Amino acid sequence: MGRYVARRLLQMIPVFIGTTLLIFLMVYSLPGDPVRALWGDRPADPQAMARLRHEYWFDRPVLAQYWHYLSNVVTGDFGTSFVTGRKVIDVMAETFPVTVRLALVAFAVEVVVGLSLGLLAGLNRGKTWDKLVLVITLLLISIPIFVLGFIFQTIFADQLGWVTPTVQNSDDISQLILPGVVLGSLSFAYIARLSRTSLAENLRADYIRTAIAKGLPRRRVVGVHLMRNSLIPVVTFLGTDLGALMGGAIVTEGIFNVHGIGNTLYRSINQSDNATVVGIVTILVIVYLLSSLLVDLLYAALDPRIRYA
Amino acid sequence: MPETLNKASAGAAETPAVTPVPVAAEKPRSLWSDAWRDLRRNPVFVISAVLIVFLLVVAAFPGLFTSVDPDHADLGKHYLGVPSYSHFFQEDWFGYDVQGRSIFARVLFGARASIIVGVCVTLFVTLLGGLVGMLAGYFGGWFDSLLSRITDVFFGIPLLLGAIVVLNAFTHRTIWTVVLALGILGWTQLARVMRGSVLTVKQADYVQAAKALGAGTGRIMFRHILPNAIAPVIVVATIALGGYIAAEATLSFLGIGLPPSTVSWGNDISSGQTVIRTAPHVLFFPSAMLSLTVLAFIMLGDAVRDALDPKLR
């Protein structure tokens, strides 16, 4: 187990370097000269420009810049935003907790609603409940997340008046429920369908028949024997879904005015605030890599046949 | 790998005369004809296929359904005109938008952008991902490790996020820059599916037989492995097509996808968003068409999966 984790952590290093390098190259090939942009329409001072370029490493080749950046990141220094003049780590410390809360709400919705619907459909395969769940989830998958955001905004805020249309205070978790539901809706539809298929398939397995024949109560058969084996595809999906949630956060946070990383990231891209963009994406990549490791470790917990030496 | 090939050709040299296998009197149905038989009977497939054919016709010839110019704007007469639901196929059927343009005409003409992006991105990712997956799965070893790590690198970047960064690098954006941005970030999923599929098929007896008969690498890959490994790729690609259409609309909605001059559902949803409280119909019709299109492709993918992979039923 320990060796497996160590090997996986080592394998992450090239992927981490590759992904951050890719983002770095893409961001730094963006048009526009951030140094010149500081002066706006006024004539620029060439000496000051050269000094700034040197200070921020803009005058060196992009690979040298990348190496400089990466060696700083290892010590926890994500640099300073050239546009806002703020330390990137401070900006992230401010906005990340908001998005993490939003993602946790979405995650909770996904797991609770998705799994309940999946159970309902999987155990009643071919009956009315099953068909209803399939139709509802198909509709949810088809409606793009921003359209769904507007629909929910209209229904729950404008018509019913349960919540305010946009989030007033991003630290208040009760205000994040509606955006969280919107963010998680696509994924819970997938989870419902995945768990339905998986449950329905495993329901026919020999060990389920054995468990029933032994006279185990239905709750135990479903809750322990069936669920544990059916959760593997769902766990895989949940792991890769973290990245999608962060990407979806750009849209959801925009619609509901949540001050999280999605909003910050979108603004930074538009302002060519390279340091902030690269910093946020770097953290996102780390989150993604760690969550995929966690998924692989969870496999062993769920399926006793899988053991990592 | 060359080792096995040499062994295989040596084996073939020892037995130069291959006895022709007698052709069976009744040819068993192939996976594809079997799948086609299943598909024709599946109502989900029939509904989605009809919808998709209709959308393709609209995308190719929007002029068949309306003679109204989608860019013709008359602010004075039509500012946010409400829909006249009884005026079937007429200019004011779905009402007018903020610039006094016929929403019915715009919804029809907007199909083209979405369909082109969806189909082209899917072709792009299927070819690129399929090729990478095939090479990685077939050759294995360090080559597989290299390609798989490259796939991991691209897989680590969320689609929407990466596409925003890529699109920002273009000052002049067209439909093709959107295709490129979604394509270079979207191929990883198909590469993984293809690799897994090739790894399974590679072990099959008929592949070993082809090797023993001295077939070249190219022939084994494209004549023996590809037709047997492609089914899961087609399933994933069909379902993904709907997702790419939604992604294009999302990017256009964020103001970073198609240029504002292009008639597209994403752009119209973006402009309709500003009047959602006073005139929800401006937002509703392009959103409904977009959702319907995504729905049609996802249903098609579901039906194709059921037909090609009977295990999942």
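**Domains of chain A.** I looked up the domain assignment of chain A, in a predicted model. The assignment, automatic or from a database, gives domain 1 (2-74) and domain 2 (92-302). Their centres, taken over C-alpha atoms, are 33 Å apart. I then listed the contact, where two residues count if their C-beta atoms, placed from the backbone, lie within 7 Å. Domain 1 of chain A brings 14 residues and domain 2 of chain A brings 10 residues. On the side of domain 1 that touches domain 2, helix α1 (residues 2-28) of chain A gives the most, with 10 residues. By class, that side of domain 1 has 10 nonpolar, three polar and one charged residues. Here Ala, Val, Leu, Ile, Met, Phe, Trp, Tyr, Cys and Pro count as nonpolar, Asp, Glu, Lys and Arg as charged, and the others, Gly among them, as polar.

**Ground rules.** I number residues from 1 along each chain as its sequence is written, with chains lettered from A and ligands numbered from 1 in the order in which they are written. In this predicted model, local features need pLDDT of at least 70 and side-chain atom pairs count only at pLDDT 80 or more, while totals for chains, interfaces and linings use all residues.

**Chain A overall.** I found 12 helices and zero strands in chain A. Helices (H or I, at least four residues) and strands (E, at least two) are DSSP runs, numbered from the N terminus. The C-alpha trace of chain A spans about 85 × 55 × 30 Å along its principal axes.

**Where chain B meets chain A.** I read off 32 residues of chain B in contact with 33 residues of chain A. On the chain B side, α6, α7 (159-168), α10 (217-253) and α12 (280-308) each supply at least two residues. The largest share, eight residues, comes from α12(B). By class, this side of chain B has 22 nonpolar, seven polar and three charged residues.
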